[in-house]
Amino acid sequence: TEKTMEKIVALCKGRGFVYPGSEIYGGLANSWDYGPLGVELKNNVKRAWWKKFVQENPYNVGLDAAILMNPQVWVASGHVSTFNDPLIDCKACKMRHRADKLIEDWLQEQGRTDVNVEAMTQEEMVAFIRENSIPCPGCGKSDFTDIRKFNLMFKTHQGVTEDTSTEVYLRPETAQGIFVNFQNIQRTTRKKLPFGVCQVGKSFRNEITPGNFIFRIREFEQMELEFFCQPGTDLEWFAYWRKYCHDWLTSLNIKDENLRLRDHEPEELAFYSKATTDFEFMFPFGWGELWGVADRTDYDLKQHQEHSGKDMTYFDQEKNEHYIPYVIEPSLGADRVTLAFLVEAYDEEVVDAEKNDVRTVMRFHPALAPFKCAVLPLSKKLGPAAQEVYAELSKYFMVDYDEAGSIGKRYRRQDEIGTPLCITVDFQTVGDDKTPADHCVTVRDRDTMEQVRLPIDQLKAYIEEKIAF
Ligand code: ATP
């Protein structure tokens, strides 16, 4: 019982988590649509992030900035000049690669951390690949073209007629919406340092090598925090957020054995960064970055001060001085982490080895599960009573209702979509001429398959306790 991407993709498509985009037209490369279960799962992921990072965190507030921004933003952020992927083609098999990735993967294989690829020029990358005869992962030969640059930002036009319209970009990250609103937020909330701003929203990158299902897509969602603090306190806050992010993942059932917190070596750091940790998750296709946590110093606000001509300093009343805050940025992909939760949850459990009985269970944390419970009448005759239970519970939770097939089959269907509780309405619940109704139902637990009998009026509290996060 091995977890493979094929199995997970098939389950996602078959049960309505994720469909290929524009499927009836032959699809659109690497676009995916979240189905009825997927939208619940992903919304729950975003809600769980917002709960811990905004609602329960004393320092942070939220923001929802526009996707289209003044093009000068992307000049200041560096995306116009440096958000370029250096591409090279293998002359032998024609496979296209990102030169920096090719080198990075090779260095990692060699166990080397002494080379800063980010600091290399295009020429240096080509020279390095040739000197070390780095092989093409496709065919093993080492014969590449020169590098061509490609900007990852999607461009579009804003304005009515062609000659009056301006070129604008779809944002490649949500972070800049936070930086440009730094003064607005500080002024209106009257927050003192340290404080943070959280945002969830779509970002767009014309990725050269999208793939691995929803791991790398061109239209994706990010959940980003920019945490502003006093220079000198930044490394402490970096450690605080590094742990906070780690705890968020493990409290939602991500196992430590499937996580790797990779701290960048000094040589590997971006020139403006004092510390960076990549959170990596063990996907079926290998370790992949989930969350980037970086101490970005005062780089971003400084850039915006320079390019906009507006003051980006903070007035520290205690110290009676103006300065540009330092920033810690934990940046997480909503789709990527949703994939991690799908992978982590997937399980094939042998229920009875002799009968070759195996059940597929999505062991989601109950807070993330698309449905919190399913109401199942034991017989169709019990439909009206079961529907009453459904109507009451669905005021508070996403509840499924299923009366088709044997109860055993219905349990298995709920296991496969990760519903933590199944509530069965039976003849005792409603009673008959001889036996009075007991107004109780049987509640089956997804993971243990154990059943308890509970009064209907205790269900809400029972479910609430179960899904608490
Ligand atoms: P990668 O090296 O995988 O391209 P990156 O280092 O460019 O990622 P960042 O710019 O740090 O990524 O973005 C922060 C987070 O946003 C990533 O850790 C990831 O979770 C998510 N993300 C980035 N690009 C994509 C994408 N194309 N599809 C899905 N999620 C993405």
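This is a predicted model: local features need pLDDT of at least 70, side-chain atom pairs count only at pLDDT 80 or more; totals for chains, interfaces and linings use all residues.
The chain is divided into three parts: domain 1 (37-71 + 153-343), domain 2 (84-151) and domain 3 (371-467). The centres of domain 2 and domain 3, taken over C-alpha atoms, are separated by 57 Å.

An open sheet is formed by five strands in the order β20-β19-β21-β22-β23, with mixed pairing. From one strand to the next, the twist averages 30 degrees. Strands of a sheet pair through backbone hydrogen bonds, in either a parallel or an antiparallel arrangement.

Both arrangements are found here. Strand β19 pairs with β20 in the parallel sense over three bridges, and Tyr401 in β20 is the bridge partner of Val375. The pairing of β19 with β21 is also parallel and extends over five bridges; there, Cys373 has Leu421 in β21 as its bridge partner. By contrast, β22 (residues 440-445) and β23 pair in the antiparallel sense over five bridges, and Cys440 stands opposite Pro455 in β23.

Strand β19 is mostly covered, with five of its five residues buried. Cys373, Val375 and Pro377 point one way from the strand, whereas Ala374 and Leu376 point the other way. Helix α12 (residues 383-393) lies across β19 (373-377), β20, β21 (421-425) and β22, and runs at about 165 degrees to β19. Together, β19, α12 and β20 make a right-handed β-α-β unit.

Technical notes: Residues are numbered from 1 along each chain as its sequence is written. Domain bounds come from an automatic or database domain assignment. Two strands pair if DSSP finds at least two bridges between them. Helices (H or I, at least four residues) and strands (E, at least two) are DSSP runs, numbered from the N terminus. Axes are lines fitted to C-alpha atoms, for helices over the stretch in contact, and angles run from 0 to 180 degrees between N-to-C directions. Two residues are in contact if their C-beta atoms, placed from the backbone, lie within 7 Å. A residue is buried if 20 or more other C-beta atoms lie within 10 Å of its own, exposed if 12 or fewer, and partly exposed in between; C-beta atoms are placed from the backbone. A crossover is right-handed if, with the strands pointing away from the viewer, the path from the first strand over the helix to the second runs clockwise.
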